[in-house]
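Please keep the sequence and the three-dimensional view at hand while reading.

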Amino acid sequence: NNIKSAPLWDQRQQEYIGMITVTDFIGILCYMYNNQQNSHNFHNGGSGSGSGGISAQADNDMNSKNLSDQEKLTILQLRETLKKKDGLISIHPDQTVYQGCMVLLHNHLHRIPIMDTEDNSILHVISHHRILNFAFKNIEKLTLVKESIEKLKIGTFQNVVTALMDTPLVVVLNLLAERKISAVPLVDETGIVERLFTKSDV
């Protein structure tokens, strides 16, 4: 459906408890990979060889079983495993765009649902993209857009996280998850940026 997030409804509590986003799926992928690697190292005595190890076939069978078990987990169970806090952060339709932006900024969110608290229904989801689209359409009214990005200090100017083009995908996913960033520049051996890997690429 070309969407990047969806509200999570808890049937037991009969209420929305959060949003499932690309960030959650990145966390799930990292968790499943790391869990599989830990299981592999454990069953091979930590070295992958010697009397403490197991056969390659047994190892593959064990990994397949672990993957099968993980695939049966519900989103709620995965959120609990990843220690995701329950509770939906939302705004009311009567709040201003500025107030919505402040909620996004304060909670480090990329999108937030607009909720009618009277009937507990989600009317719309406002995102960075929609706010930027609104700002662009009204750009003539914004005096700050004439200033340089560097002067306004918009973005990251120090300690920028990068990765080489041949960096394993799981390493880049872990960078996105652990640093809580939305993109990683991919550079060559000389540090020249070749492309940008973003959450949207996952």
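A residue is called buried when its relative accessible area is under 20%, exposed when the value is over 50%, and partly exposed in between, with a 1.4 Å probe and protein chains only. By this rule V161 is buried, because its relative accessible area is 15%. The model is predicted, and local features need pLDDT of at least 70, side-chain atom pairs count only at pLDDT 80 or more, while totals for chains, interfaces and linings use all residues. Residues are numbered from 1 along each chain as its sequence is written, and side-chain values use heavy atoms, with hydrogens and water left out.

**Overall architecture**

- The protein chain holds seven helices and seven strands; helices (H or I, at least four residues) and strands (E, at least two) are DSSP runs, numbered from the N terminus.
- Read from the N terminus on, the order of elements is β-β-α-α-α-α-β-β-α-α-β-α-β-β.
- Of the 202 residues in the protein chain, 25% count as buried.

- The phi angle of N159 is near 50 degrees, a positive value in a residue other than glycine.
- Is N159 buried or exposed? N159 is exposed, because its relative accessible area is 75%.

**The loop between β3 and β4**

- N120 is found in the loop between β3 (111-116) and β4 (121-127).
- Phi of N120 is positive, near 60 degrees, in a residue other than glycine.
- N120 counts as partly exposed, because its relative accessibility is 28%.
- T117 is likewise placed in the loop between β3 and β4, and T117 is exposed because its relative accessible area is 57%.
- The C-alpha atoms of T117 and H92 are 7.4 Å apart, although 25 residues separate the two along the chain.

**Helix α7**

- Which residues of helix α7 (residues 169-179) are buried? They are V170, V172, L173, N174, L175 and L176.
- An α-helix has 3.6 residues a turn, so residues three or four places apart point the same way.
- K180 follows α7 and has a positive phi, near 55 degrees.

- L144, I149, L152, I154 and F157 make a nonpolar surface patch of about 500 Å².
- Patches are made of residues with over 30% relative accessible area and no salt bridge; like charges are joined within 9 Å, and nonpolar side chains (Val, Leu, Ile, Met, Phe, Trp, Tyr) within 5 Å.
- Accessible areas come from the Shrake-Rupley method with a 1.4 Å probe, and for residues only the protein chains shown count as cover.
- I149 is found in helix α6 (residues 149-152), and I149 is exposed because its relative accessible area is 56%.
- The charged end of K153 sits over the ring of F157, 5.3 Å from the ring centre; this term requires NZ of Lys or CZ of Arg within 6 Å of the ring centre and within 35 degrees of the ring normal.

**Side-chain pairs**

- Side chains of opposite charge can pair when their charged atoms come close.
- The count is one salt bridge, defined as a side-chain nitrogen of Lys or Arg within 4 Å of a carboxyl oxygen of Asp or Glu.
- R195 and D201 meet through their side chains in a salt bridge, at 3.2 Å from N to O.
- R195 is partly exposed, because its relative accessible area is 39%, and D201 is partly exposed, with a relative accessible area of 39%.
- The count of aromatic pairs is one.
- W9 and Y16 form an edge-to-face aromatic pair, 5.0 Å centre to centre with 75 degrees between the planes.
- Rings of Phe, Tyr and Trp (its six-membered ring) pair if their centres lie within 6.5 Å; planes under 30 degrees apart count as stacked, over 60 as edge-to-face and the rest as tilted.
- W9 counts as partly exposed at 37% relative accessibility, and Y16 counts as partly exposed at 23%.

**Cysteines**

- The structure holds zero disulfides, a disulfide being a pair of cysteine sulfur atoms within 2.5 Å.
- C30 counts as buried because its relative accessibility is 5%, whereas C101 is partly exposed, with a relative accessible area of 26%.
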